[in-house]
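Here are a few exercises to work through with the model open beside you. Try each task before reading its solution.

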Amino acid sequence: MSHEDTLVLKAKGIIVYAGDVERLALSDLADGNIWSFEEVLGQGFDIVILPLWFWREITIPEHYLENIRNKSPTTRVVILTDDRHGERRRMAARLRGSFAEEECAAGYEVREREVYTNADMVWAISNAEKEAVMALAPGVPVSVVPFSIAVKGHRRTFKERAGLLFVADFDNEAALDAMRWYLLSILPVLRERSPIIRLTVAGNKSQLVAKRLKFPDRYFNCVGHVPDLHGLLEQHRVFVCPIRVGTGIVTKNIVAMSHGLPVVSTTIGTGGLELSSDAIMLVEDSPRRFVDAIHKIYTNQFVWDALAERSAEHIRRRFGQENSKAALREALGAAMCQNARSLPVEAFWSVRKIWPYLVTGPEAQALGIRRVVVQLELAETLTVQGNHDAALSLFRQVLDFWRGRSVERAVYRRVLLGIAACKSGLGDEAGAKECIKEFRRCPEAMNCADCE
């Protein structure tokens with residue numbers, strides 16, 4: 001949590017404990033305040049809400065859930081999820097034909113299931129996500145707490161606007177894939193059809209897109225991070241969302257629609273929006289039809305006006321703040337009706353099977369590559385001991401660390417042989433053979449992206 005966020009919450013009268021030194025050290029972050037989570041928990045809470053997100057090696061539920069069960073057994077634990085990471089990674093794997101991504105996706109899904117099944121309730125961000133969570137973890141109660149946004153509508157007219165807009169965080173691989181598909185597949189068709197239409201790209205690290213994708217930037221304008229998007233949303237005529245990977249809700253589409261800016265998106269970009277018809281958003285998945293949709297809105301004021309009005313109204317009806325407040329009250333009531341479950345004696349997270357080796361001695365402060373070396377060596381030891389399930393989890397975490405980084409062939413092959421041995425030990429001979437095939441095809445020196 002940033003210092004600014006902390007100040008905002010405190011200004012609202014909310015007590016904030018930020019910077020858990022003990023846990024931050026395990027995620028390679030040194031800064032924090034000295035306080036004990038156990039002491040805070042001792043104040044007595046009816047419900048603890050733990051968001052599930054995988055931007056760090058160890059998620060918040062994996063850090064805290066077992067402590068909550070042990071120290072405050074009557075406290076109900078709710079998992080807040082807005083993205084299925086395993087499924088998102090599996091989508092990316094299928095697009096790229098990536099063995100490594102498939103293994104990472106399987107690892108994430110195991111960890112998601114562990115967290116869900118050991119919680120008392122899960123809060124999902126949409127009905128579609130609720131159904132997916134229930135399929136992954138049958139029997140776990142799930143409520144929907146939808147995304148909330150204030151609808152502002154638009155001020156500038158069709159004729160006062162020009163150009164296309166795309167907003168994304170380019171630390172997210174899904175955003176890079178979307179830009180790559182736009183530039184390589186959509187842009188050539190658009191230049192044939194409407195060569196004067198230009199794309200503006202905004203968001204974290206967007207100014208590095210041309211360099212990272214090795215594409216000339218004369219075809220689009222990258223403006224970097226923009227703290228307030230209102231000006232851009234008022235200037236442009238069409239918002240485009242060419243994403244091909246994603247779960248949960250694509251919030252950028254909701255933001256654009258709440259400003260009355262018509263959207264052209266892929267099917268993936270409509271997830272959780274619960275659209276009733278194409279009168280709210282134009283949805284296409286082929287480059288040529290995507291361009292047809294852009295052209296239809298861009299050149300027809302009647303179509304633009306209708307979509308601007310209907311999209312804003314849809315967001316007001318489905319994601320307005322009053323609707324979200326009512327859903328939250330209902331979800332809290334449902335959570336209070338649950339009895340806090342006991343943590344099974346043998347239940348400890350796949351990611352925490354390595355903790356005795358990492359949180360004691362000098363390895364407790366292992367950083368970056370050193371941490372991964374510890375994981376790799378421990379995975380190989382567990383494989384020899386016949387603990388294939390725990391070893392497989394570790395091998396997958398090593399793969400995930402190396403994703404997008406330069407890695408020597410010997411390291412990658414070492415991981416592949418380890419995964420093959422684990423799969424064989426678990427009776428998955430077909431999976432073991434796939435590992436060996438990948439082992440034989442990887443080049444002398446490689447980047448993980450080369451095997452995707």
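**Exercise 1. Is H85 buried or exposed, and what is it in contact with?**

Start with accessibility: H85 has 2% relative accessibility, so it counts as buried (under 20% relative accessible area; exposed is over 50%, partly exposed in between, with a 1.4 Å probe and protein chains only). A word on the basis: this is a predicted model, where local features need pLDDT of at least 70 and side-chain atom pairs count only at pLDDT 80 or more, while totals for chains, interfaces and linings use all residues. Residues are numbered from 1 along each chain as its sequence is written, and side-chain values use heavy atoms, leaving out hydrogens and water.

Finally, skip neighbours within four places in sequence, and H85 is in contact with L52, W53, F54, Y108 and E112 (contact means heavy atoms within 4.5 Å).

**Exercise 2. Work out the strand order of the open sheet and say which strands stand at the edges.**

Reading across, the six strands run β7-β6-β5-β8-β9-β10, with parallel pairing (two strands pair if DSSP finds at least two bridges between them). β7 (220–224) and β10 (282–283) each have a single partner strand, so one side of each has no neighbour in the sheet. Now zoom in on one pair: β5 (164–167) and β6 (199–202) are parallel over four bridges, and L164 stands opposite L199 in β6.

**Exercise 3. Find where A168 lies and what surrounds it.**

A168 is in the loop between β5 and α8 (173–193). Its relative accessibility is 7%, so A168 counts as buried. Along the chain, A168 and G203 are 35 residues apart, yet their C-alpha atoms are separated by 5.0 Å. Beyond four places in sequence, the contacts of A168 are A175, A202, G203, N204 and K252.

**Exercise 4. Which residues have the most contacts inside the largest nonpolar core?**

The core has 61 residues, and the ones to pick out are L164, F166, F170, M179, L199, F220 and F239 (a nonpolar core is a set of buried Ala, Val, Leu, Ile, Met, Phe, Trp, Tyr and Cys residues joined through side-chain atoms within 4.5 Å). Then ask who contributes: α8 gives the largest share, 11 residues. Lastly, another core of 25 residues lies apart from it, with A100, F395, L399 and F401 among its members.

Notes
Helices (H or I, at least four residues) and strands (E, at least two) are DSSP runs, numbered from the N terminus.
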